[in-house]
Amino acid sequence: LMPSILFVCVENSCRCQIAEAFARHYGQGRVEAHSAGSRPRGQVDATAMSVMQERGISLASHASKGLEALPQVQWDAVVSMGCGEACPQVPARRRVEWKIPDPARQPLIVYRQVRDMIDEAVQGLVNELQEAR
């Protein structure tokens with residue numbers, strides 16, 4: 001069974017979408033990645049899509065969704081970003097809070113910085129989960 005990661009934020013339109021995409025990219029065949037929001041916006045942020053496209057990763061098939069859309073499982077890792085108490089508690093072997101700012105409605109450079117922070121954090125997490133197996 002592959003380790004599972006859930007990324008949770010408020011709107012599930014930007015940071016968690018980027019994190020899910022990087023986790024699928026780096027963890028292909030090694031981890032299962034999902035994302036959800038406590039109050040999903042219903043669409044993926046267009047600027048997030050474009051900064052990921054710069055890396056050759058498409059978010060076109062992604063959807064902004066709530067937790068009810070996810071499998072009811074115990075996750076190996078649940079990563080929350082910026083929702084604090086609004087982040088719903090789902091069963092997890094391990095919880096992590098990433099202090100990564102929300103780039104929404106910020107200039108493009110901020111989106112790129114956030115994308116790169118998430119990129120690095122996801123690579124670290126995927127490697128840790130692999131080593132723990």
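**Exercise 1.** In which crossing, right-handed or left-handed, does helix 2 pass helix 3?

*Solution.* The structure is a predicted model. In this model, helix 2 passes helix 3 in a right-handed crossing. The contact involves Thr47, Ala48, Val51 and Met52 from helix 2, together with Leu108, Tyr111, Arg112 and Arg115 from helix 3. Sorted by class, the residues of this contact are five nonpolar, one polar and two charged.

**Exercise 2.** Determine how helix 2 and helix 3 are oriented to each other.

*Solution.* Two packed helices are described by the angle between their axes and the distance between the axes. Helix 2 covers residues 46–53 and helix 3 covers residues 108–132. Their packing angle is about 60 degrees, and the axes lie 10 Å apart. Angles of 65 to 115 degrees would count as roughly perpendicular, and those under 35 degrees as roughly parallel. Helix 2 and helix 3 are therefore oblique to each other.

**Exercise 3.** Describe the packing of helix 1 with helix 3.

*Solution.* Begin with the geometry. Helix 1 spans residues 15–26, and its axis comes within 9 Å of that of helix 3. The two axes cross at roughly 45 degrees, which makes helix 1 oblique to helix 3. The crossing of this pair is right-handed.

Next, identify the residues. Helix 1 contributes Arg15, Ile18, Ala19, Phe22, Ala23 and Tyr26. They meet Val114, Arg115, Ile118, Asp119, Val122, Gln123 and Val126 of helix 3. By class, the contact of helix 1 with helix 3 holds nine nonpolar residues, one polar residue and three charged residues.

**Exercise 4.** State how much space lies in the largest pocket, and which residues line the pocket.

*Solution.* Rolling a probe the size of a water molecule over the atoms shows where empty space is left. The largest pocket contains about 190 Å³ of space. Its lining consists of Leu1, Met2, Ser4, Glu32, Pro71, Val73, Gln74, Asp76, Arg93 and Arg133. Division by class gives four nonpolar, two polar and four charged residues in the lining of the largest pocket.

Key. Residues are numbered from 1 along each chain as its sequence is written. This is a predicted model: local features need pLDDT of at least 70, side-chain atom pairs count only at pLDDT 80 or more; totals for chains, interfaces and linings use all residues. Side-chain values use heavy atoms; hydrogens and water are left out. Axes are lines fitted to C-alpha atoms, for helices over the stretch in contact, and angles run from 0 to 180 degrees between N-to-C directions. Helices (H or I, at least four residues) and strands (E, at least two) are DSSP runs, numbered from the N terminus. Angles under 35 degrees count as roughly parallel, over 145 as roughly antiparallel, 65 to 115 as roughly perpendicular and the rest as oblique. A crossing is left-handed if the near helix is turned anticlockwise from the far one by less than a right angle, and right-handed if clockwise. Contact means heavy atoms within 4.5 Å. Ala, Val, Leu, Ile, Met, Phe, Trp, Tyr, Cys and Pro count as nonpolar, Asp, Glu, Lys and Arg as charged, and the others, Gly among them, as polar. On a 1 Å grid over the protein atoms alone, a cavity is a set of points where a 1.4 Å probe fits but cannot get out, and a pocket is an open set with protein on both sides within 12 Å along at least five of seven lines; lining residues have an atom within 4 Å of a point. Grid points are joined across faces, edges and corners, and a volume is the space filled by probe spheres set on the points.
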